Amino acid sequence: MTTTNVQPGSTISATEILNVRPSSIIFDFPNNGKNDLRQTWSVRESLDSKDYLNLARAAEELRSSDIPVAFPTETVYGLAADATRSEAVKGIYRAKQRPSDNPLIVHVHSLPQLRQLLRSKDGQAIKYQEDSSSNDTHIQGLFSEHDVIPSIYHSLIEKFWPGPLTLILPNPDPSILAAEVTAGLKTFGARMPSSKLALALIKLTDRPLAAPSANASTRPSPTTAEHVRNDLAGRISTIIDGGSCDVGLESTVVDGLSIPPLVLRPGAITLNDLRSCPGWENVGIGYKNQAQIESQPKAPGMKYRHYSPSASVILYESGSSMPTLEQMIGHLGSRNAPGSIGIIRTKSWPLKFSVTDFNDELSNNQSKLLNDELRKITAIDSILVQKYQAKVAQPIGHIEIWDVALGTELDQIAKGLFAALRELDLKKVDIILVEGLDDQMGDVAAAVMNRLRKAAEKSI
Ligand code: TXA
Ligand code: MG
């Protein structure tokens, strides 16, 4: 599918979506019985498969062009560039309009590739890591005794890689990575994704790939190729479509170089997961203190407005009851014209409106449900989106309500959240009312609330 949509200031006239089915990708392992993706493997060449050819084409674009390529990971869609080339990395900041002091995560396909990044450009291991492992094939387990990968991370890599976990690592000087990747920091973030498609793309490109989420800066992260197209058509040439993302929230970011180690961004790998690993029993939370975030952010991205749809988001803390129709109208502010409201329900707001809900309001403000037949308008994956129309007192006349039920399971809620915010934007609602979660329900709830609180901020 090709979309033409030239944005002001952009030079790309066509954005192409390339389909690649993850199931079509085959990995080959060496004949040593170790089928461990973290070590050595290759992508099987399949020249008669359109999927393979699409992926190989995207890999070639990443090597030769300075325009970034969007691709799916298990968390969210990323916007990739060869992390070793400055001009290519600058292309990411340009396409997203991302502030240049917000560093990027580097995606690797294996530990040998990560080790290359931890050695300085002139081949020396960074000074506080003794490296006796210059020949990776000598490593028996995953790590050698004096591995260049800091030992604090070994237990996490054993348990959670490949997967939705980003590690903050020391950046050698001089570094193989383009300076724009780290935005002036002495560290870089790295992650080995578990998505087959992402791994195959990194492997075929044969470069580490810098990739932030593939949204325009400040927008919710994309979890489908369509979301990427809505934000970046006319700014990039190629979007690889591998279906919707499994997790739906960005990776957990951890800093094991600080004492105690810290979680800088909550995600699918939870505090309890981390605490179960040697060296991480006392892991602290580095993302809650808003004053600290604003003055000296640990993860620079945390100070920026983020995850924001165009509509204002009003977040109800967990336990608040669903607003009445009257309260909803109140949120629309003083207006003389019909308005439109989005609702995102999670754990306990009742599953649907009923005629009686509106009739209860009727006696007070002459409102009435216009169409009592609930209509299923559209579905984002399995998420139900329903439209209601309520007749209210003049001069407003009527309001539209777009109601999104994310489901009650935490994983479902995490997976659908960004899609729901984007869907309501497409419906052009004026405000979005969201039923929040109790942070105490665990880290996935905390990760969802972390994103929602940012979405509900007016701006920073
Ligand atoms: O799941 C994910 O992590 C996705 C997919 C595409 O992999 N990527 C992603 O990237 O969410 P991005 O750029 O949207 O978020 C990266 C976060 C930002 O908050 C950034 O400030 C932080 O990681 N970060 C990157 N490098 C860092 C560093 N050296 N020190 C501290 N924080 C860093
Ligand atoms: Mg992002």
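The model is predicted. The protein chain has 460 residues, of which 57% count as buried. Its secondary structure comes to 13 helices and 21 strands. A search of the whole structure finds 20 salt bridges, and several of them are described below.

**Overall make-up**

- Among contacts in the protein chain with a separation of 6 or more, 67% are between residues 24 or more positions apart.
- The protein chain has an accessible surface of about 19,600 Å². Carbon and sulfur atoms account for 48% of that surface.

**Arg115 and Asp147**

- A salt bridge joins the side chains of Arg115 and Asp147, with an N to O distance of 2.9 Å.
- This pair links distant parts of the chain, as its two residues are 32 residues apart. Arg115 belongs to helix α3, which covers residues 111-118, while Asp147 sits in the loop between α3 and α4 (154-160).
- Arg115 has a relative accessible area of 2%, so it counts as buried, the cut-off being under 20%.
- Asp147 is also buried, with a relative accessible area of 3%.

**Asp231 and its two arginine partners**

- Asp231 forms a salt bridge with Arg219, and the closest N and O atoms of this pair are 3.3 Å apart.
- Arg219, at 19%, counts as buried because the cut-off is under 20%.
- Asp231 also forms a salt bridge with Arg422, where the closest N and O atoms are 2.9 Å apart.
- Arg422 lies in helix α12 (residues 410-426) and Asp231 in helix α7, so this pair ties together parts that are 191 residues apart in sequence.
- Arg422 and Asp231 are both buried.

**A salt-bridge network**

- Four residues, Asp66, Asp82, Arg85 and Arg207, are linked in a network of salt bridges.

Technical notes
Residues are numbered from 1 along each chain as its sequence is written. Chains are lettered from A and ligands numbered from 1 in the order in which they are written. This is a predicted model: local features need pLDDT of at least 70, side-chain atom pairs count only at pLDDT 80 or more; totals for chains, interfaces and linings use all residues. Side-chain values use heavy atoms; hydrogens and water are left out. Helices (H or I, at least four residues) and strands (E, at least two) are DSSP runs, numbered from the N terminus. Buried means under 20% relative accessible area, exposed over 50%, partly exposed in between (1.4 Å probe, protein chains only). Contact means heavy atoms within 4.5 Å. Accessible areas come from the Shrake-Rupley method with a 1.4 Å probe; for residues, only the protein chains shown count as cover.
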